[in-house]
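Me: I would like to learn how to read a few features of a model. Please give the general idea, then the case at hand.

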Amino acid sequence: MAVRLDPLDLYDVRSLLTDEERMVQDTVGRFVDEKVLPIIGDCFDQGRFPKELIPEIANLGLLGATIPEKYGCAGMNGVSYGLICQELERGDSGLRSFASVQSSLCMYPIYAYGTEEQKTHYLPKMAAGEVIGCFGLTEPHGGSDPANMKTNARKDGGDWVINGAKMWITNGNLAHIAIVWAQTEDGIQGFIVPTDTAGFTAQEVHKKMSLRASVTSALFFDNVRVPEANRLPNVKGLKGPLGCLTQARYGITWGPIGAAQACLKEVLDYTAERILFGRPLASNQAVQLKMADMARRITTAQLLSLQLGRLKDAGTMQPTQVSLAKWNNCRMAIDIARECRDILGGAGITTEHSAIRHALNLESVITYEGTETVHQLVVGRELTGINAF
């Protein structure tokens, strides 16, 4: 008798994982099932980030998961980090965004570009969830053109004085520190800015229809003074923040797989039980064709991200490969979420089901950290050698 395949893993991608990677996925998956799914619809409705989950997220070793154990982190490989992102986003993109920003955009630059003193001071506390970070790169006028940066830092004796503004900053009003990128006389540089510094203000963005269970902020710097010891000394230029974004985008290629799996699982259950015209909705050819296409696209995305993770762990991953996977997997997930909402009918517009929540969240995920168009152009540049930006 033929073995029935897992509808969420038709190619048995799980069999390609190591025992440790499977254990990471199972652990985070249990956390999402038990702690996230029961509350996340209400959090989205209320526009509230469930910060009460931060201690358990930290205890599971999910913050800065790939950073070495000597800094209080878990020292996991890249594939394990990807699986963390996949399972968290199966819960909600806002939760994965929180972990992505803390891990890839705040802890990673301190680890990669900071001094040993900065690493030993901040990383253990950030891994424990005691210090939350945010990443100040995007500006109100900037969008896809980060080189057009207006925020500046000027040297004043042994200090730096920062002026400017940042926009669409995840964790901004939660954060204890901000990793701020600013123009200096010596190019773009990064600074660790405690959020209680005089002249620093964070203003939460409201009226959002996406990432409602996430904190999004505008940051303002009015003669914010930080010492030289807070500068990240080991990188200059845009390659600093772009290197961080490559790390975060890698995790984002995995996250939407979880969102898409959540939506497919929901419609599989719904169509098996929903009776129309005397038979289950799942027996309708049009519905089966739609769900088969979802499974095909999820499978493609799973294999893309796993190979990307293997390249990352081998030290050979290139930014263009990340762009291809982010483009493909975000498009896959948003299309599936919308299609699942349609199959659910009127019930699909409520947050009692997850499809509309994931569809709305993915409007942000497909936009931030490089829009779909930007990633298409990155791949086009790789193919032709011509920059069309």
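Reply: We can start with the disulfides, pairs of cysteine sulfur atoms within 2.5 Å. The structure holds 0 of them. Some ground rules: this is a predicted model, in which local features need pLDDT of at least 70, side-chain atom pairs count only at pLDDT 80 or more, and totals for chains, interfaces and linings use all residues. Residues are numbered from 1 along each chain as its sequence is written, and side-chain values use heavy atoms, with hydrogens and water left out.

Me: Is C134 buried or exposed?

Reply: Buried means under 20% relative accessible area, exposed over 50%, and partly exposed in between (1.4 Å probe, protein chains only). C134 has 0% relative accessibility, so it counts as buried. C73 counts as buried because its relative accessibility is 8%.

Me: How many residues does the largest nonpolar core have?

Reply: A nonpolar core is a set of buried Ala, Val, Leu, Ile, Met, Phe, Trp, Tyr and Cys residues joined through side-chain atoms within 4.5 Å. The largest here has 52 residues, and L88, I110, F135 and W181 have the most contacts inside it. Among the elements that give two or more residues to this core are α1 (19-46), α4 (93-113), β4 (177-184) and α6 (239-273). These are DSSP runs, numbered from the N terminus: helices (H or I, at least four residues) and strands (E, at least two). The largest share, 9 residues, comes from α4. A second, separate core has 31 residues, including A259 and M332.

Me: Which residues make the nonpolar surface patch?

Reply: Such a patch joins Val, Leu, Ile, Met, Phe, Trp or Tyr side chains within 5 Å, from residues with over 30% relative accessible area and no salt bridge. Here L5, L10, Y11, L16 and L303 make a patch of about 490 Å². L16 is found in the segment before α1, and counts as partly exposed because its relative accessibility is 47%.

Me: Which residues does the annotation "domain: Acyl-CoA dehydrogenase/oxidase N-terminal" cover?

Reply: UniProt annotations may be inferred rather than shown by experiment. The unreviewed UniProt entry gives residues 18-130 for this domain. That span is 72% helix and 0% strand, with its end C-alpha atoms 31 Å apart.

Definitions and conventions. Patch = residues over 30% accessible without salt bridge, like charges linked within 9 Å, V, L, I, M, F, W, Y side chains within 5 Å. Areas by Shrake-Rupley, 256 points an atom, 1.4 Å probe, with all protein chains shown as cover. Salt bridge = Lys/Arg side-chain N within 4 Å of Asp/Glu carboxyl O.
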